Each structure stands twice: as structure tokens, then as C-alpha cells.
Amino acid sequence: MKLNLHIIGDALAIEKSKIIADSNIEMELVNVRLLPDDPRQCGDQYLYLIDHQLSEAYLQIEKLSLIILNDNGADLKINHSWNVILMAKNEQLWDVFEKVQGIFDDFNRWHEALTDAILNRQPIQQLLDLSAQVLNNPIALLDISFIMIAKSGNFPDRFNDPIWESVLYKGYGAVENIPQQYRNLSDLTIKERKPVLVPPLSDDHQKRIICATLVQNQVPFANLAMTNLVSEFTVGQHSLVYHIQQLLEISLQLPKPDQNVNNDICYLISQLIQKKYVDPDLVKHFFAARKWDEDDAFFCVVFDLNSDLTLTEYNHLVYLKHLREALPHAYTLFVDNRIVSICLCKYGMAFPATIAQMISPKLTKLALCASVSLKQPSYEFLAAAMHQAEMALQLGRKKTMDQQIYTFKEVYAEYIIQVLSKDQDAYSLCHPIVQKIVKNHDQWSLELIHTLWIYLQNGKRISQTADKLFIHRNTLVNRLQSIEKILEIDFETIDDEDLDMLLISCFIVKTKLRLL
């Protein structure tokens, strides 16, 4: 990787007054060398070190990059077209050489990691995470309308920056909140084809922004944006953003393998299923863009082979194709050697029986079996849904291998005891609505759970439950009506399986919160 003098100066923590250089952000230096005795051997692609005065012969060289160890810069004879860093005379020449060589080595390793990720077609979030490793301030990737695609870097714990907050935390940039000099940045960066810094470093201004537009096939694709939240901008950081812009544009030009149109959201789903951190703003943006609202209910369906063989990264594609045909409105992906479908209820998949009817012909044809989770109220329960479907498959196969479709509801009561005895993650087995009630741990939610627990323990007998709770009968009736409304059930018609599930869910919650 090539560097420039400004990047070297930043890495060496050199004061601005000790850097004599233009503000060019191009990077041309390939390595560091000691200044040769013969000026004719000097090349403009190297950074040279020297600890003595230069002879008149060197002054004829028009372009030269130097680090000079000299305490008295006023007495130095240099060509005004050179780029120079001045360092203290007491620095040892070879020590400085090793430091600068180490800087080149570090940036080369970073550049190699980023280019490898690009060539391996890693997700844009991973590319941005790698890019941010050499930046002092956090960076974001925004689409042309300033909707956030991804962000990375270290953010300060507390900051007051309405520009950055409006972009990163709300997921969009309100034009009226952006100062006038920033509003036409996209047009300016497209025209310049380099990152634009506004206001320039020569102006006395506290807040600055660097913006660079990524272009794909001569069409603007997205904007890289960075503000000086953590530290002041330097020409070196400006140069690195330019380098990152060029590398990310290369990634946009690489041919992509054939992918399902839902592949970007499937990547986020796989991260959430595996309990990996994904920025909530990013999740909300991508899901909302695909009409998946936060409160849309869904089922998780897990598929596996009905044989001793296992699904692998090599043989799963043909199964994916067929199952996507069976569930055209579901998000179907490959996670942890399982094919998983996320079936949104609002797209005609509101009941396990409906899903079973849609997938049964494919299960028979492909020799697959499947398991279905409970209905989940929100995409924040993706990991729990996957856990439930996995357990339904595991226990269902132990009971019988002849069944095509297993449901978590069928095995809930008997399997929960095994999980509790093994001290596994029992909380994910709770009825999702019970989880939702206690999400905020407020007093009213805990009272409802405790009331439901006592009510079910006492066989749904009103008077006995009221006595146990030391409350009036009418108070209990009002609480039960609230519970029925939240759980969307009717205690008069609910079946025994659901009652068992609610009873055990209350037990798990109260055990987890140490309320028993």
C-alpha cells in the first residue's frame, strides 16, 4: 500500500508545524529509505531519512519526500516543492527508520485484510468495520437519500452532534437539520470524485464533515460520511478516506454470484438467529424497507434431511431453491447446517397447518422433515424461534422418525423439564407473549405474571386465587381480563396444551427473576 507524508506524520504524532507539505491527498510513497549519497538515485516514490544538511546538488531535485532530524529548521536548505517532516536531532536515525518501516508494514497488513475481504465478497458491514480500523473518527455509509446502510468505528459515550445523530440514530438525515454548506455535498463529491472536507482545514470551524460518493457503473451508489466526533481531521485521515472510497468502489465493480433478492435481509436474519450483535437502527431500516414491521408476527421453520446425511454449504443450494418455491413469501436461508424459513403471518402463513400444507409436497419429494416454532410477536425473537424449532426437531425425531412435521407446541410440556434439569437456556422456551410482558421488568408486568401463575396453579378458580393473592375478587377479574387481552386468549376456551405452556412459562420467568 502506498502512503503519503501526512499519514506518516499522523502515525508518528508529529505537530502540524513540523510538517511542511502540500494538502494533496494522493498517496505515492511505497517505502522508507536512507537518503542516498548520489542525488540521481533518489525517486519520488520513496520517503528518505537524513540527519545532516543537504548539499546543493539535492536542491535541484524538484520532487522529494524527507524526514529530517534537525533541531533548527530555520537553517535548513530545502526546495519549497518538497514534502518534509522535521524531527528532533536527539532521535536516533535507525530508531526512526524502524518506526516508519513499522508504519508501512501496519498499513500493508490492513490493506491486505481489506482487499481480501473485498475479493471474498464479504458483507458491506464487514468491509466498513475493516475500513474503520485506521480512522480516528467513526464512519458511516449512507445511501444517496442519506438513509443509513452501515456504520462503524468508536463512538464517544456522550456527544451532541445533531448532524451525526440525525443520520445514525434516526436512520435518516433531515435536510432542514443539516447546515447549508453540507446540503449539496453529494453533488460536489460526484463532481470532484474525491472526498470533500467541509469546511476546509484552513477555516476556523469546530464541526467538519468528510463526504465521499461511491459510484457504480458511473451511477452514484452511496455516500461515505465522517464527522470529527472524536478528534480533529487531518490531511492524513482525509487521504485514508479517499483510499477507502477507491477500494469500496472496486468492490462494487466485482461480479456478484447469483443471489436471492432477499439476500441482504437474510444475512441480518442469520446474524440475529445466531445471537450476534447487529445495530438496531440497521435492522429496523432493512426490515422496514421490505415491509416487515416491528410487530409483525412470524413462525420459524427448520428443515433437515430425513437420513444420516447432513446439509452442508455444498449441497444445500438445491434444497433452498425448492423450498423457496414452496414458500415464495418467506425468507429462506442456510444457517448452521440447517435450512431455515421465516414465515410472516401477514403473507398467508398465519397457522402451522397452513405452512404444513404449503411445504408437505416438497418434504416428500426431497426426503426432508421440518419443525415449526411458536408464533413469535416480533423479529426481536428470531433467536428464540430458531431455538424452539431446533428442539421440536430434536425431540420429535426421538419419539418417531415417521413424522414429516414437528411443532414445538406438541413437545413443549415434556421437553421443558429436560431443559430445566440440564440448566440450559430455558428462558428462550417461554411463551413469546409471556416474554414480551416481562420485557421491561416493571411492577405491573410482574404482578400480571404472578397473578397468572397463581390462577393456573389453582385450577382457574377465582375465589381460591383471590384468597391466595390477598386481593378482592373484582380486582382479580380485572387483572385476568388484562391478561386475556395481552395474551389474546380466552381462559374459557383455551386448550390444555396452551395452559401447560403458560404455567411453565410463568415458572421459568419467576425462577429467572428469583420471584419464587
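T234 sits in the loop between strand 10 (219-227) and helix 7 (235-253). Helices (H or I, at least four residues) and strands (E, at least two) are DSSP runs, numbered from the N terminus. This is a predicted model, in which local features need pLDDT of at least 70 and side-chain atom pairs count only at pLDDT 80 or more, while totals for chains, interfaces and linings use all residues. Residues are numbered from 1 along each chain as its sequence is written, and side-chain values use heavy atoms, with hydrogens and water left out.

The side chain of T234 reaches the backbone nitrogen of Q237 at 3.1 Å. I359, in turn, belongs to helix 11 (residues 352-366). The C-alpha atoms of I359 and C369 are 9.7 Å apart, and the two residues are 10 residues apart along the chain. The table gives relative accessible areas; buried means under 20% relative accessible area, exposed over 50%, and partly exposed in between (1.4 Å probe, protein chains only).

| Residue | Relative accessible area | Class |
|---|---|---|
| T234 | 17% | buried |
| I359 | 0% | buried |

Contact means heavy atoms within 4.5 Å. Not counting residues up to four places away in sequence, T234 touches D10 and L201. With that same exclusion, I359 touches V301, F303, A326, L327, A370 and I405.

**The chain**

The chain has 18 helices and 15 strands. Of its 516 residues, 50% are buried. Among contacts between residues at least 6 apart in sequence, 60% join residues at least 24 apart. The accessible surface comes to about 26200 Å², and 50% of this belongs to carbon and sulfur atoms. Accessible areas come from the Shrake-Rupley method with a 1.4 Å probe; for residues, only the protein chains shown count as cover.

**The second largest pocket**

A pocket is an open set of points on a 1 Å grid over the protein atoms alone, where a 1.4 Å probe fits, with protein on both sides within 12 Å along at least five of seven lines; lining residues have an atom within 4 Å of a point. The second largest pocket has a volume of about 780 Å³, a volume being the space filled by probe spheres set on the points. Its lining has 32 residues, of which K375, H431, I433, L487 and E488 lie nearest the centre. Helix 13 (408-421), helix 14 (432-437), helix 17 (473-487) and helix 18 (496-512) are the elements that give two or more residues to this lining. Helix 18 supplies the largest share, four residues. The lining divides into 17 nonpolar, five polar and 10 charged residues. Ala, Val, Leu, Ile, Met, Phe, Trp, Tyr, Cys and Pro count as nonpolar, Asp, Glu, Lys and Arg as charged, and the others, Gly among them, as polar.

Definitions and conventions: Polar contact = N/O pair within 3.5 Å; in protein donor to acceptor, adjacent residues only side chain to side chain.
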